[in-house]
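This note is intended for a colleague who is meeting the structure for the first time. Please read the numbered points with the sequence and the model in view.

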Amino acid sequence: MAPGRMVPAYVALGSNLDDPRVQVERALDALDGLPQTRRVLRSSLYRSRPFGPVAQPDFVNAVAGLLTMLSPAALLAQLQEIEARLGRERPTVRWGPRRIDLDLLVHGGARLAEPGLALPHPGIAERAFVLVPLAEIAPDLEVPGLGRVRELAGRVDSADLERLAT
C-alpha cells in the first residue's frame, strides 16, 4: 500500500453478553480512536439468532466502514486490542457466546490467506448478520472475489434478522 493512502475497510461487530447493544456501541466508539484510521460509516443495529450449535442468547450486530492507512495485519491487531480492552475472553467453544467480537471483513481489494488473517473474511457471503448491515452502508462495495454486497445480501436468508430501533 502506498504511504499516506487511505483504504476503505469494513468491520463487523457483534455481542450477545452483558447488554449486547451497549457492548456494540462501546466498540463503535472505540473504533473512533484507532490510529491512522477514521470511522466514516456505521449501520443500524440488528438482532440475530446465534450462529452454530451452542445454545446462547441472541446477538446484536452492526458493521462499520473505516478509512485507514493501517495494513490489514495492523488493523486486525488494533481490533483485537479493542476486544481485549472491552473485556473479550477468547471463547472456549467455537461460535460460543461473547461480550464483543470485531471481525475485519474487507480491506480495500486485499485477498489474503495467512494464519490468523483471511480477507475477505471467510463466511462473509453466507452470513445475513454481516451482509444486511453491510448492504445498508455499502451496497455497491465489491467484495474481492465474491461480488457486490447488494447481490450477496440478496442471496442469504435474512428472516431471522431484526433491525433494532435507534
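This is a predicted model: local features need pLDDT of at least 70, side-chain atom pairs count only at pLDDT 80 or more; totals for chains, interfaces and linings use all residues.

Which residues of α2 are buried?

1. Helix α2 and its buried side. The buried residues of this helix are Pro 72, Leu 75, Leu 76, Leu 79, Ile 82 and Glu 83. Around the axis they take up an arc of only 115°, which places them on the same side of α2. An α-helix has 3.6 residues a turn, so residues three or four places apart point the same way. The buried residues of α2 pack against β1, α1, β4, β5, β6 (112-114) and β7. On the face turned away from the buried side, α2 carries the exposed residues Ala 84 and Arg 85.

2. Length and end of α2. The 14 residues of α2 should span 20 Å at 1.5 Å a residue, and the end C-alpha atoms are 20 Å apart, which agrees. After α2 comes Gly 87, with a positive phi near 95°.

3. Helix α1. This helix comprises residues 20-31, 12 residues in number. From first C-alpha to last, α1 reaches 17 Å, close to the 16 Å expected at 1.5 Å a residue. Buried in α1 are Pro 20, Gln 23, Val 24, Ala 27, Leu 28, Ala 30 and Leu 31. Their arc around the axis is only 160°, which puts them on the same side of α1. The elements that cover them include β1 (7-15), β2 (37-42), β4 (59-68), α2 (72-85) and β5 (101-107).

4. Ala 30 as a point of contact. Ala 30 belongs to helix α1 and is buried, with a relative accessible area of 15%. Not counting residues up to four places away in sequence, Ala 30 touches Ile 82 and Arg 85. Of these two partners, Ile 82 is among the buried residues of α2, whereas Arg 85 is exposed. Ala 30 and Asp 157 are 127 residues apart in sequence, and their C-alpha atoms are 31 Å apart in space.

5. Leu 86. The loop between α2 and β5 holds Leu 86, which counts as buried at 9% relative accessibility. Leaving aside neighbours within four places in sequence, Leu 86 is in contact with Gln 23, Arg 26, Ala 27, Arg 99 and Ile 100. Gln 23 and Ala 27 are also among the buried residues of α1. Between the C-alpha atoms of Leu 86 and Thr 166, 80 residues apart along the chain, the separation is 22 Å.

6. Helix α3. Is this helix enclosed or open? Seven of the 10 residues of α3 (residues 128-137) are buried, so the helix is largely enclosed by the rest of the structure. The buried residues are Ala 128, Val 130, Leu 131, Pro 133, Leu 134, Ala 135 and Ile 137. They pack against β1, β2, β3 (46-48), β4, β5 and α4 (149-154).

7. Val 130 within α3. Val 130, in helix α3, is buried with a relative accessible area of 5%. Not counting residues up to four places away in sequence, Val 130 touches Ala 12, Val 63, Leu 105 and Ile 124. The C-alpha atoms of Val 130 and Leu 104 are separated by 11 Å, the two residues being 26 apart along the chain.

8. Backbone points to check. Most residues other than glycine have a negative phi, and most peptide bonds are trans. Asp 18, although not a glycine, has a positive phi of about 55°, and Asp 19 has a positive phi near 60°. Elsewhere, a cis peptide bond joins Leu 119 and Pro 120, with omega about -10°. Pro 120 is in the loop between β7 (117-119) and α3.

9. The second largest pocket. This pocket has a volume of about 200 Å³ and a lining of 13 residues. Nearest its centre lie Arg 49, Ala 128, Phe 129, Asp 157 and Asp 160. The lining divides into seven nonpolar, two polar and four charged residues.

How values were computed:
Residues are numbered from 1 along each chain as its sequence is written. Side-chain values use heavy atoms; hydrogens and water are left out. Helices (H or I, at least four residues) and strands (E, at least two) are DSSP runs, numbered from the N terminus. The expected span of a helix is 1.5 Å times one less than its number of residues. Buried means under 20% relative accessible area, exposed over 50%, partly exposed in between (1.4 Å probe, protein chains only). The arc is that of the directions from the helix axis to the C-beta atoms. Contact means heavy atoms within 4.5 Å. On a 1 Å grid over the protein atoms alone, a cavity is a set of points where a 1.4 Å probe fits but cannot get out, and a pocket is an open set with protein on both sides within 12 Å along at least five of seven lines; lining residues have an atom within 4 Å of a point. Grid points are joined across faces, edges and corners, and a volume is the space filled by probe spheres set on the points. Ala, Val, Leu, Ile, Met, Phe, Trp, Tyr, Cys and Pro count as nonpolar, Asp, Glu, Lys and Arg as charged, and the others, Gly among them, as polar.
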